[in-house]
Amino acid sequence: MRGLSDAEAASAYSHALLRGSGRLTASFAVDGVLPLEQVERAVEPWIRRLPSLSLRIEDTGGAGLRFRQGAHGPCSVQASAAVDAGDDALTEGGRLWRLRVGHDRGGATRFRLTLHPAICDGYSTARFVRPLLDTLFASPGHDARQVPGHALPPDTDALTYEGGGGACSCGACMPSGSPRRLRRAVTSYAEHGSYGGGRRERRGGRAGDAVTLALTAYESRRLRDWCEARQLTASGFLSTVLADALARETGRKEVTVATSVSLRRRYAERTLIAEPGCVTGAVRVPLRPGTAGDPVGRARAHAAALCAAERAWRPERRGHAGIRRSVERDATGTGVPELRVTDAGSVDTALGPHVGRMTGFRALAASGGGPPGGTLYLSSFKGALTVALTSRGLGTGWPVVAERELAEAALLRPALLPA
């Protein structure tokens, strides 16, 4: 159908070279027990609405990687009691997604959707879930087969890049005393309970040990208020804390923070870009973390450095052979320690009317290859923030350290040092 863009090709080469470690996974649950047959019947109209799900990736040799249309087969759903079990590698020669379905004792149906990074980035996982739920919970008389499908995202290498957007929430763009640029919906503290309900869980997997910190809506709001009062974002503050910890763990004076940014509103032809897809860039900033003192000042300085780097960033224009060589070099795992950060924001808007029937939503980005470090992924569902970290190249000790640092920064610090 078309060649892969720079971002898509880099994701595909990395995913294949590292046996699936670049995948994205959305785990969610809905009220009620849905039979497997009902889910299977929903797959065909779901794929019709999202052409990316029927794609395959083929290597044409000198011409690089190309998408082609493929058949999804008569049954594309796996029934599994252990829905949260690790996924097998999704390879470029086969289907670019996997759906598992199971039921729990509480009467809910649990889903685990795994997506290839060449068709989905950290900002669009919920955009793949929404059409599936539309089909599963269609109103009487609604024919999902008649719903028009999304267009396949274009090759962004052929589009006109316009550059970064307006002001962010870093100290450089939001000086002291200015009104907050982004106002979130007010959450009732009394409604969601008091401090102490955050759930910390560790889960092992083939992509490396994963740590998930699931905050309550109350804890999430308090963390955001605490950060905003100090002209910070939650992701900026937590990534600074982890960068400091990563420097101590590796004994290095410098680490790299690679922040993923969505490019959907940065092209002149932005109306051509569908929400689902791989449309991101990685903005890298070298940092010299501190070993003592409060990280708030360092977080502000890091945010300003990232803001400047993001405005100066431009898409690369490389051939697929050059992209593959770059990925192979990165896969060696040597070099400056790196923390990769994606702040996907709230998924409620993408899920639309289905939020009320859902009992949970969590996304996780695998660590991938590259220098030692980890991948930090933040997302919010019903006002509750989930922070997930997957690690690479640092053994079993680093996740324990990272879990402690995240819990202290997200839960204890805002509680002990109120805004």
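How many strands form the open sheet, and in what order? I found 3 strands in the order β1-β4-β3, with antiparallel pairing. Strands here are DSSP runs (E, at least two residues), and helices are H or I runs of at least four, numbered from the N terminus. Two strands pair if DSSP finds at least two bridges between them.

Before going on, I noted that this is a predicted model: local features need pLDDT of at least 70, side-chain atom pairs count only at pLDDT 80 or more, and totals for chains, interfaces and linings use all residues. Residues are numbered from 1 along each chain as its sequence is written, and side-chain values use heavy atoms, without hydrogens and water.

I then followed β3 to β4 (residues 65-69): 5 bridges join them, and they run antiparallel. R56 stands opposite R68 in β4.

**Cysteines.** I searched the whole structure for disulfides (cysteine sulfur atoms within 2.5 Å). The search finds 0. I checked burial next (buried is under 20% relative accessible area, exposed over 50%, partly exposed in between; 1.4 Å probe, protein chains only). C227 counts as buried because its relative accessibility is 0%. C307 is buried too, at 10%.

**Surface patch.** L412 lies in helix α10 (residues 397-416). Its relative accessible area is 38%, so L412 is partly exposed. L412, L416 and L417 form a nonpolar surface patch with about 300 Å² of accessible area together. Areas come from the Shrake-Rupley method with a 1.4 Å probe.

Conventions: Patch = residues over 30% accessible without salt bridge, like charges linked within 9 Å, V, L, I, M, F, W, Y side chains within 5 Å. Salt bridge = Lys/Arg side-chain N within 4 Å of Asp/Glu carboxyl O.
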